[in-house]
Amino acid sequence: MQHLVDIVLLGLLMITGFAIVRMRSLLAVTMLTSIYSLFSALLFVVLDAVDVALTEAAIGAGISTILLLATVALTTEYEKVPSHRSLLPLLVVTLTGAALIYGTLDMPHYGDPNAPVHRHVAPDYIEDTPEEIGVPNVVTSVLASYRGYDTLGEVTVIFTAGVGVLALLGVHLRKRTEQPSDYHKLVVLRVIAKLFFPLILLFALYVLFHGDYGPGGGFQAGVIFATGFVLYALTHGLGNAERVIPPALLGILAAAGVLLYSAVGIEGMLLGGKFLEYNVLADDPVSGQHLGILLIETGVGITVAAVILIIYFGFVSRRPGGADAQDPS
Amino acid sequence: MLLSNLPALQVVVPLVSAPICLLLRRPGHAWACALTVSWAVLVMAVLLLRQVALEGTVSYPLGAWATPWGIEYRIDMLAALVILVIAIIGAVVMPYARRSVMQELDDEHIGAFYTCYLLCLTGLLGIVVTGDAFNLFVFLEISSLSSYVLISLGRDRRALTAAFQYLVMGTIGATFILIGVGLMYMMTGTLNMADLAQRLPAVDDTRTVRVAFAFVTVGVSIKLALFPLHIWLPNAYIYAPSVVSIFLAATATKVGVYVLLRLFFTVFGVQFSFDDMHVGDIIMWLAIAAVLTGSLVAIFQDNLKRMLAYSSVAQIGYIVLGIALATGAGVSAGIIYLFNHALIKGALFMALGGIMLRLGSVELRDLHGLLRQMPWTVAAIIAGGLSLIGVPLTAGFISKWYLVAAALEGGLWPLAFIVLASSLLTVIYVWRIVEATCFRAAGDERPGVREAPLSMLLPTWLLIALNLYIGVDAEVLTGLADTAAAALVGEALP
């Protein structure tokens, strides 16, 4: 039964992929990439990788769709038909695909319990997490503690992206009091958005602070948090969103998240441990781990939310139409 | 406490200062922050090299988790040397940067510029220090992403296209590396490099591992701009702000070479890489092609930045040539070449930055008779050019000498011949610069053009001086490179 589900999902992924390549309407392609991400998220759920599924759904299907729509609104809706067919890219893609397929021939079988990934470091993560870290979600313990330094690196990558958008596009929101052009037609949408806004923020906080126990963590929380503001900006206009969260604040927040994360690491060194050693943060190692993970996840959440809003504001503030410019209708 | 955490601080200090730099509102403060950090990084790099030279390989468990469960920082002689290269260039380029950046960038961008510079420094150092294959990828992303931004901040609108082209190529490269690392993890269950080296031989006859090897090799080759994957490099160097050209030309591709060495020798091992996969034969031909085409194309360039960019393609060829020999002498020659070329190209691009500041152009026809107005800058270009050719008493001579010696030791005299013949090609393009700046009369008056400011001349000449010093006394460098190479190849020291 599970294989059937896998095959159907993979088949749908393939069909979507082909459709994306063939289509010229960028609007349709954007929606299809969103669908592609949704199918991937489903596939991750089937694989019991719920943390990854949550991330893929929030980022791939959610926020990146909005950013792509904003880009399409800034540029053009139809892809240019290339004037000549170039064989080299086709050759490169075919070769890469062939190499990948060739590589699958000696892979461990799908779901094989004796595969190397299940036999070497992974069992120790699962066995040792309860006593060393003391959190039920092993994914969180690996990402935030055992390999916490990678996560610091990832946050820095996101921070870099934010700085890049700030440098290239800037977030120059002119004082804008005007509302979206079809503001009055959107009553239902606005009321619902207003209802959802606090719930989304609350849910983001839940995902953040419950990441030790269930799927989630700072990364997903940051995305969800930003989504709330994006929804607000879409329905209430950029000017109002800007009043809620001033763009000048966003750069500071993006930096603050990275600083909070690294400060936890440095505190570990100051207390006589190694960089990012949480054990020394509190009297007993497990509470130290709890404290460390909570703080770094908060740092991740702050930076991710701020950077996504920087990118979003950076894109939409470039068009006189403002937030309504990427309204798909 | 500081010394015991040195490996972590080497990367953490620039990492933490990047967001702080963004918070500093004034351009001058951001520069001061970047300057201080760059020199602190150099001090740490020297201390680290000293520690490695005295105690051997240094290992540091991040988060105090034992390997292979946690991430390990692992610094051997090779890593310490490459860190030193990055640190020297970073420290020298920052005093230079203030004037150049002030002129080439808008005030509002300067804060973000120095933030991205620090992030790029963090990424490059992180790649070299780490002993973990996935952590390497993460820091590769930091350095790549920040260098795309740095390049796109160039004054010329074409900087955006150049940065975009680099972004597309770089992302393909990074994805290939990630695919390779993923496949290696699938077959071994570990990401730690030392652990991978132990566990890979058991599965290295599988097609999956072979494909993993191919993917990482191609991915890294894009990053280090090995012919024919170099097409992103010239435009990226030309349209970037001068400071970025200097920094990237001197460090980014060198770190790519470092990753290649690390993968071939440490992770996969000499036997698998060179005997089973025959990667030496492949990259040797590519390196020869790089040396010849790079030098030939450089001859016909009228834009000096473009000329030096193609020259870089050729120089990367020389470095890879040494690696392709897969002998202790060859790898050692590659490492020496890597070190010296960073100093040479850094100095040359710095001199060009000075001309950019005063003239606003680096086209050959605009430089006629420049020797009269900017004698020190032109002299620096000539000295750097001589080193590039490989004239005795310069660092370039040392690197070519060791490379030729390694080729002859391997019985590959045609290779030695190619190295010497292509040096003649270098003579031609360096001569074109000399002819234009020294022997041609200035066509039109250039009122107000005078020597570059001292803050830019001194760093340039500091690198030239280092060049000349190594040309006279290279014993320390060659000794360290031999140690590093011997450890990689697994030979006893000669």
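Modeller: Let us start with one residue. B:Arg74 is partly exposed, at a relative accessible area of 35%. One caution: this is a predicted model, where local features need pLDDT of at least 70, side-chain atom pairs count only at pLDDT 80 or more, and totals for chains, interfaces and linings use all residues. Residues are numbered from 1 along each chain as its sequence is written, chains are lettered from A and ligands numbered from 1 in the order in which they are written, and side-chain values use heavy atoms, with hydrogens and water left out.

Biologist: Why is B:Arg74 called partly exposed?

Modeller: Buried means under 20% relative accessible area and exposed means over 50%, with partly exposed in between (1.4 Å probe, protein chains only). B:Arg74 has 35%, so it is partly exposed.

Biologist: Is B:Glu72 buried or exposed?

Modeller: B:Glu72 has 4%, so it counts as buried.

Biologist: What makes B:Glu72 and B:Arg74 a salt bridge?

Modeller: The term asks for a side-chain nitrogen of Lys or Arg within 4 Å of a carboxyl oxygen of Asp or Glu. Here the closest N and O atoms are 2.7 Å apart. The pair therefore passes. Side chains of opposite charge can pair when their charged atoms come close.

Biologist: What links B:Asp302 with B:Arg432?

Modeller: A salt bridge, with N to O at 2.8 Å. The two residues are 130 residues apart in the chain. B:Asp302 sits in the loop between α12 (279–299) and α13 (304–325), and B:Arg432 in helix α18 (residues 413–439). Helices are DSSP runs of H or I with at least four residues, strands are runs of E with at least two, and both are numbered from the N terminus. B:Asp302 has 39% relative accessible area, so it is partly exposed. B:Arg432, at 22%, is partly exposed too.

Biologist: How many salt bridges are there between chain A and chain B?

Modeller: There are 2. In one of them, A:Asp106 and B:Arg207 have their closest N and O atoms 3.1 Å apart. That pair runs from the loop between α4 and α5 of chain A to helix α8 (residues 207–223) of chain B. A:Asp106 is partly exposed at 25%, and B:Arg207 is partly exposed at 31%. B:Asp132 and A:Arg147 also pair, at 2.6 Å from N to O. A:Arg147, A:Asp150 and B:Asp132 are linked in a network of salt bridges.

Biologist: How many residues does each chain bring to the contact?

Modeller: Chain A brings 51 residues and chain B brings 61. Contact means heavy atoms within 4.5 Å. The buried area is about 4900 Å², with 73% from carbon and sulfur atoms. That area is the accessible area (1.4 Å probe) that two parts lose on being put together, summed over both.

Biologist: What are the domains of chain A?

Modeller: Domain 1 covers 1–107 and domain 2 covers 121–329. Domain bounds come from an automatic or database domain assignment. The C-alpha centres of the two domains lie 25 Å apart. In contact are 14 residues of domain 1 and 20 residues of domain 2.

Biologist: How many salt bridges cross the interface of domain 1 and domain 2 of chain A?

Modeller: The rule finds 0 there. The area buried between these domains is about 1600 Å², and carbon and sulfur atoms give 80% of it.
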